[in-house]
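Thanks for coming. I will go through one model today, starting with overall dimensions, then the cores, then the pockets.

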Amino acid sequence: MYDLGAQFVFDKEKAISKEKAVFKGKKYRITVLTDKLLRIEYSEKGIFNDRPTQFALFRNFDVPYFNIKQDERYLDISTNYFNLTYVKDSDIKSTSNLRITLEGTDKVWYYTNPEVRNFNANMLNLDGKKILFQKGLFSTDGFASINDSNTFVVNDDGSLASRKEEVIDIYVFMYRNDFTSILKDYFLLTGIPPMLPRYAFGIWWSKDFKYNDDMINRLFIRFTKEEIPISVLLLDKDWHSREYNGRKELETGYSFNKELIKDPTVFIKNIHNRGIRIGLNVNPKEGILPNEVNYNEARKYINVLEGVPIKYAPYSPVFLDVYFKLLIHPLESIGIDFFWNDFHDDTNTNIYFANSHYGYLDSGRADIKRGMYIARNPMISSHRYGILYSGKTKVGWNTLKLLPETYSSASNIGISWWSHDIGGFSGGIEDGELYTRYIQLGCFSPIFRIHVDKGRYYKREPWRWNVQTFEIVKEYMQLRNKLIPYIYSEAYRYHKDGLPIIQPLYYKNIEIYDDALFKNQYYFGKEFLICPITSKKDQIMNRVVHKFYLPKGTWYDFKTGKKFPGERSHVSFFKDEDYPVFVRSGAVIPMARSISNNPVSPTFLDINIFQGRSNVYELYEDDGTSNLYKKGDYLKTAIDYNYQENNYTVIIRAVEGKAGIIPDKRNYRIKFRNTRKTSDISINFDGTIMPFTSYEDERDFIIEVKDVNTIGQLTVICKGKAIEIDAVRLINEDIDEIISDLSIETSLKDEISSILFSNNTIKKKRISIRKLKKKGLEEKFIRMFIKLLEYIEQI
């Protein structure tokens, strides 16, 4: 064995199932892992594997309750979720030998079941000719299986090796409609999703461009001037030397190009002083070239002729040891925060796994620094390895249309941390409307990473667009930064409870899956529902006409506060500055009040509360960068909103963790949405009366309390008569606003309004609109109003 490092070693005892859960014969072994999860093994030679694999790391589940009936020939196992019957030691591929029935249904899993109702999961990249989908866990059958027969095993030293024996090794998930529960089983089996560093949820800047020290300095001076927060600088491949021995445009390198970055240590320190983290593109494809500083040192361990490149060998323990200790760790020692492995070869995806597996595990080897890595999809248990990079995407509406589906479908196999090129990488046509819609989607995406090709006419810097586009983009980039307290708390729920931050609408409304208009909608954490805009606006109306579905309950537009009834579809009209983001009644949204490149736990916290339902939101905080949260260094704060009509109570209290993790004192601004001002307010902290200020801001009532200890209980009570504003969204208001904005003779607008808002039938309204042509109404406006009447008819 080779001592590769403790960070790569797994506890082999945790990979062994408890004896009472195992049923074994000469050729078979069946393990009841949970009441919903089975492991089925078959080997003609009776050889079974107890080592961790690429897929499964933990099998030492507590023994669940089950009923067992067996004799010399038959085995029958039942839980509340399934009934397994098996003819002992028979070929499991035969339907008559092995059957698993989903309890309470007529649905049966068997080895050759095609599982056609599986919703699949996005697994590959967007820069290829097509997206590859593989089987996921979510299925309307209520079951799914994953074949682990051909994956590598993990040796005691952490190295990976192919299996020597030919076996069948399958995990069968039988869950009916309990998908949330089966995800928890899946994550316990395969490894829990990592807790990413807090800075990862800020905005990333990356451009395939030969930046030098001065260019980057001026770039971030401008970002600061324009009040646009950037948390991550991700340098593309030109940071390193790219020429050697007559070869140019090399993809591989580990030494800074001193012609561009004169003193890397000083450069990194200056970037860190701005509160920005730094990641580097590393593509190990070309191995270790002789121009690398530590090339000769590497030759002491890897036997190659002098001047010959050392080949990339990601499954060799010796190479990996050299790679990390001589190439990666020296860069970390001067302050590099993480790496982006840009190896790409879709004909050899096994290397994708090795890259992510070893790269991610090495990145979190010490408690002082949390694991952080970005790479192509490793294809097996991908949720374990940090952030997935989807490749260099084409600029265009067609690409934008794909992104919501990739986010949603990835959740079907438990993946949340997909990262796409916000704005698109190359090709296409630069378009302000498209750029705006990309940025708005990025605001409500798992990772907000801008990445663009070289070329002076690619415009990802917001200030390079017209004033209107710039202001809208700036607003949503600032909003993303302010939402980090919420996003980070949702990231913790994903890590701890196995609840993906992105969940498709069809998880709770299965009928939506077959509706192309609605299937791309998704929940963004516990409180938000996103209905992405992925098409161009109507140029005459200057709005996108967007149809969306809201589930059961009462919903509010997060920005405007307008109220929408649920369990029905809606048509609405969105200007460039608007985006369909909704929250359910009772939603509690914690946000930072001010922006910052370094998104640490804020001293000033805004809390948006939407009336109509009691709710508790749990805010999670830790130091954001280390692994000390695993040892209890974190704090959870409950924001408890108790709703009664015209009578609200908000209690903010620390409920779990340690003091000293976040600021000792905090200023709160509690914003009651769609609420009138009241003077009947009482506020206390642990029983002591607290001073406060209150005021009305348009439709919202705001209370500010300053210098509140973060350990203890703040209680806010406000009540009054008729303080709730019924902000029902009326379609007539939207249409009236459209008429007001059009370049039409003012006198005609009154006639159009009287036609559209009359009690006449849609048919009569169409006729009346067409008659306005004689009064000078242009044909393009007539067509627009006819189309608008079609939308009204749908509503």
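One definition to begin: the radius of gyration here is taken over C-alpha atoms, and the globule rule is 2.2 Å times the number of residues to the power 0.38. What you see is a predicted model. The chain has 795 residues, for which that rule puts a compact globule near 28 Å; the chain comes out at 29 Å, so the two agree. Along its principal axes, the C-alpha trace spans about 85 × 75 × 65 Å.

Secondary structure next. The chain contains 14 helices and 42 strands. If we take contacts with a separation of 6 or more, 70% of them are between residues 24 or more positions apart. Buried residues make up 59% of the chain.

That brings me to the interior. In soluble globular proteins, nonpolar side chains tend to be buried together. Here the largest nonpolar core has 193 residues. Which of them touch the most other members? They are Phe173, Trp204, Phe444, Phe524, Phe528, Phe672 and Leu714. Among the elements, helix H5, residues 317-333, gives the most to this core, with 9 residues.

Take Leu714 as an example. Setting aside neighbours within four places in sequence, Leu714 is in contact with Val650, Ile651, Ile652, Tyr668, Ile683, Asn684, Phe685, Met690, Val705 and Val708.

There is also a second, separate core, of 25 residues. Its members include Val571, Ile739, Ile744 and Ile752.

Three helices each supply at least two lining residues: H1 (179-190), H6 (350-363) and H10 (484-497). By class, this lining divides into 17 nonpolar, 7 polar and 8 charged residues.

The second largest pocket holds about 660 Å³ of space. Of the 25 residues lining that pocket, Glu475, Phe558, Lys559, Lys671 and Arg673 are the closest to its centre. How does its lining divide by class? The count is 8 nonpolar, 5 polar and 12 charged.

The largest share, 5 residues, is from H9.

That is all I have; I will take questions now.

Note on methods: Residues are numbered from 1 along each chain as its sequence is written. This is a predicted model: local features need pLDDT of at least 70, side-chain atom pairs count only at pLDDT 80 or more; totals for chains, interfaces and linings use all residues. Side-chain values use heavy atoms; hydrogens and water are left out. A nonpolar core is a set of buried Ala, Val, Leu, Ile, Met, Phe, Trp, Tyr and Cys residues joined through side-chain atoms within 4.5 Å. Buried means under 20% relative accessible area, exposed over 50%, partly exposed in between (1.4 Å probe, protein chains only). Helices (H or I, at least four residues) and strands (E, at least two) are DSSP runs, numbered from the N terminus. Contact means heavy atoms within 4.5 Å. Ala, Val, Leu, Ile, Met, Phe, Trp, Tyr, Cys and Pro count as nonpolar, Asp, Glu, Lys and Arg as charged, and the others, Gly among them, as polar. On a 1 Å grid over the protein atoms alone, a cavity is a set of points where a 1.4 Å probe fits but cannot get out, and a pocket is an open set with protein on both sides within 12 Å along at least five of seven lines; lining residues have an atom within 4 Å of a point. Grid points are joined across faces, edges and corners, and a volume is the space filled by probe spheres set on the points.
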